Amino acid sequence: MSEIIRMSRRDFLKTGAVLSGGLVLGCYLPFGNSAGAADPATTFAPNAFIRIGSDDTVTLIINKSEMGQGVYTSLPMLIAEELACDWKKIRIEAAPVDPVYNHTVFGLQVTGGSTSVRTEWERLSKAGAAAREMLIAAAARQWKVDPASCRAENGFVVHAGKKLSYGQLAAKAAKLPVPQEVRLKDPARYAIVGKPRHRLDSPAKIDGTALFGIDVQLPGLLTAVVARPPVFGGKVTSFTADKAKKVPGVVDVVQVPSGVAVIATGFWPAKKGRELLDIVWDDGPEGGLATPALRQQYVSLAQSPGLVARKEGEPAQAMQKAAKQLTAEFEAPFLAHAPMEPLNCCVDLKSDRCDIWTGTQFQTVDRNSAAEVAGLKPEQVHLHTTFLGGGFGRRANPASDFVREAVHVAKAAGKPVKVIWTRDDDMKGGFYRPFWYDRISASLDDTGNLTAWQHTIVGQSIATGTPFESAMVKNGIDDASVEGAAEIPYAIPNIQVDLHTPKLLVPVLWWRSVGHSHTAFVVESFMDEAAHAAGKDPFAFRRALLAKHPRHKGVLELAAAKAGWGKPLPAGRGRGIAVHESFGSFIAQVAEVSADRKGTVKVHRVICAIDCGRTVNPDTIRAQMESGIIFGLSAALHGAITFKNGKVEQDNFDGYPVVRMNESPAIEVHIMPSKEPPGGVGEPGVPPIAPAVANALFAATGVRLRTLPFNPKALLDGMGKG
Amino acid sequence: MIALNVNGKAYQVDVEPDVPLLWVIREQLKLTGTKFGCGEGLCGACTVHVNGEPARSCITPVGDVAGKKIVTIEGIPAGHAVKKAWLAEEVSQCGYCQPGQVMSAVALLKKHPKPTDGDIDSAMSGNICRCGTYPRIRTAIHRAAGAKKKGGKP
Ligand code: FES
Ligand code: FES
């Protein structure tokens, strides 16, 4: 059944206007050959996303940042499905900053929240379909036949043995009106969407030609590194740069609001110069910040209820009447995103124009921030989005920290300059996943049914104090603090989830899967504890409580079946299960783990079942599940940012280890066939892995670990081997 | 002036001998495929070959490799078995670590044409991938070695 969708003519006129304004021509081509001369007279540009040249090249302008999640392939697949173009002729351009490229829900140009496919599906399908209809109309006109007797196929319009390529039709199609209504394909007839497809960006990523922000070269480009305060909220009191300025290659040393910048002809002299700076810092109010004391503060807050995010029934009364009650406390540390590509930003600032090249997830905010610093109008700032060497949320910062700073440095330098963060800078630079502490209680009746659930969460708000506060914080509750905890799907008659939001100067930010990164750990670990307290199998216990949630139940059953739940395992191994919904997708994971004599945790195998609704590129979904699992495993086994005397104690991958090849488990991903609306895939693979491993460790050793990352010593102590 | 031989080409570079090879490759030679990830030999993003051996260019002073045979990602031919396997297994995500991964894998296969999972662990554990492409890297290495073995070792 085909769907007829009304299109907003105004939208298309608007998007067309951008093209004729030539904005797109100036935009950055992240890889591949240039699309050739885009002569406006012969180029068919029916909307802001598609440009077809007389040479048959199909240029797709993608408004989402490619940071590994595969949008430079999945979004083109959505367009190509309707456009029926030749896949091999596709070129990708990163969209410039323009309102036509805004997120359809957030109203800004942004890549995040695992929303790209979900929000662009309809818009890009329509864009592709409109272009196809216009090409067909152009051909039908030329042949003087009924458009309905023509069809589009692999870059050609065909009719009764005749065919014309899209390139041949481009100039004519460009003169036709944009249709008001387009007929979208019946999903049952999809030829591209829903079938695995190789990524368009892969070749460039293994021959060194893919351009990341750090790779941008400009004539006369200088490089800067910045010495930033060692304590959050600190400032420069005074500094001397005499020694730094003597380093050959150092061009200048300037103070900027974020610290002291050493500007040089290359990275090495800049870094050497920075080492020779003498800076007196004023540490400010957080000079005494220490993780153990912070933990104590959080622990005491957790002992009383906070602002109520969800309440049903009377949990306190139900607890009192219950046959059995259990309580536990959980902890999850600050985490750095640690993308492989350290932060960087390249700026060419002139009196009436500013060009910025950087890997960002937050184009509108960064562009506007840059304009503010540069003293220019937003339209005078041209932000070129490069490939991102990982984002994970760090490159979507309401504070635009790395962009603002780079514009300040460029202002002082008076020449094009690229600010590069060292790994230490990146790791100590803040905007962490918040530190979380949770206290949770549950009660069971005498047949082992859950009667009440009370969950108190303590942690900083991400959105408070940003322009997103009004949208994301309601009645003092930042939705991101309680997501995954407030809306637990289990059938429990009495439930309360509440929140304390302490304030600290440690900057925090969304970290791949945001609130779910800690709530899933707490909820799914504690659900396991409840199952054991009830004397029930953790899979069967969950399953029974999910009767009204078929998608949760479906993935739970699929993962358990594929993992051979209940079947014997080699001695010393345990299996753990967890299920969690986030970003519109439902995921269950079963982990198989063991611990050695040193308490080192080994994850042997992870079985992952996902229901993310209708799929675009199943191979990308698999890849994102693998990616999320390993990312989450790094946090479960290793990750922690801690403070002493106000300073971050970790500075590189030795102090902040991540999972490497030798720790990487075998991963099996099973995708649930589904006709539901699409869900996200970039983030939802992360939340279930920590609890699945914790639950598996309990099964293997009898020890319940409630603090992330898992501490081998705590494990050995629990096993009586410490 | 330091004489360098990179990807079979001779260069004369005017830098101090203590500058890490990484920055000479990236900034003087403009070969930006070799990446900066940690600067301390901890992540492998900067891996190149020096006389056929994998080396972390971020901690290799350029003065130490004068006259030696240096190969970067740009010097690995397009049809190389490792590159083909990487594409077939669709390894790359953000891609930032991948030049280093490919360089480590090429060196591994030269030494162990039929590597075991243990060989892969020891040769590849110095290369971090924050996108978690390890299972596919493992499969791709087996594929490049001509063995159809699935990633992971439960
Ligand atoms: S940059 Fe050289 S090992 Fe990390
Ligand atoms: S592909 Fe992103 S770090 Fe490896």
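Q: How many residues of chain A are in contact with chain B, and how many of chain B with chain A?
A: Contact means heavy atoms within 4.5 Å. By that rule, chain B contributes 51 residues and chain A contributes 63. This is a predicted model, where local features need pLDDT of at least 70, side-chain atom pairs count only at pLDDT 80 or more, and totals for chains, interfaces and linings use all residues. Residues are numbered from 1 along each chain as its sequence is written, chains are lettered from A in the order in which they are written, and side-chain values use heavy atoms, with hydrogens and water left out. The counts asked for are 63 residues of chain A and 51 residues of chain B.

Q: What area is buried between chain A and chain B?
A: Buried area is the accessible area (1.4 Å probe) that two parts lose on being put together, summed over both. Carbon and sulfur atoms give 58% of the area here. In chain A, A:Ile206, A:Met340 and A:Met661 lose the most, together 20% of what that side buries. The total is about 4,700 Å².

Q: Which residue of chain A forms a salt bridge with B:Lys35?
A: A salt bridge is a side-chain nitrogen of Lys or Arg within 4 Å of a carboxyl oxygen of Asp or Glu. The rule finds five across the interface of chain A and chain B. For B:Lys35, the closest N and O atoms are 2.5 Å apart, and the partner is A:Asp215.

Q: Which element gives the largest share of the side of chain A that touches chain B?
A: Helices (H or I, at least four residues) and strands (E, at least two) are DSSP runs, numbered from the N terminus. Elements that each supply at least two residues include α5 (202-206), β28 and β31 (666-671) of chain A. The largest share is nine residues, and it comes from α18(A).

Q: Which side chains make polar contacts with the side chain of A:Arg605?
A: A:Arg605 is in strand β28 (residues 601-611) of chain A. It counts as buried because its relative accessibility is 19%, and buried means under 20% relative accessible area (1.4 Å probe, protein chains only). A polar contact is a pair of N or O atoms within 3.5 Å; within protein, one must be able to donate a hydrogen and the other to accept it, and residues adjacent in sequence count only if both atoms are side-chain atoms. The partners are A:Glu592 at 2.8 Å and A:Glu668 at 3.4 Å.

Q: How many residues apart in sequence are the parts that A:Lys185 and A:Glu81 tie together?
A: The two form a salt bridge, with the closest N and O atoms 2.5 Å apart. A:Lys185 lies in the loop between β9 (181-184) and α5 of chain A, and A:Glu81 in helix α2 (residues 71-83) of chain A, so the pair ties together parts 104 residues apart in sequence.

Q: Which residue pair forms the salt bridge between domain 1 and domain 2 of chain B?
A: The domain assignment, automatic or from a database, gives domain 1 (2-75) and domain 2 (81-152) of chain B. The rule finds one salt bridge across their interface. Its closest N and O atoms are 3.6 Å apart, and the pair is B:Lys111 and B:Glu53.

Notes
Buried means under 20% relative accessible area, exposed over 50%, partly exposed in between (1.4 Å probe, protein chains only).
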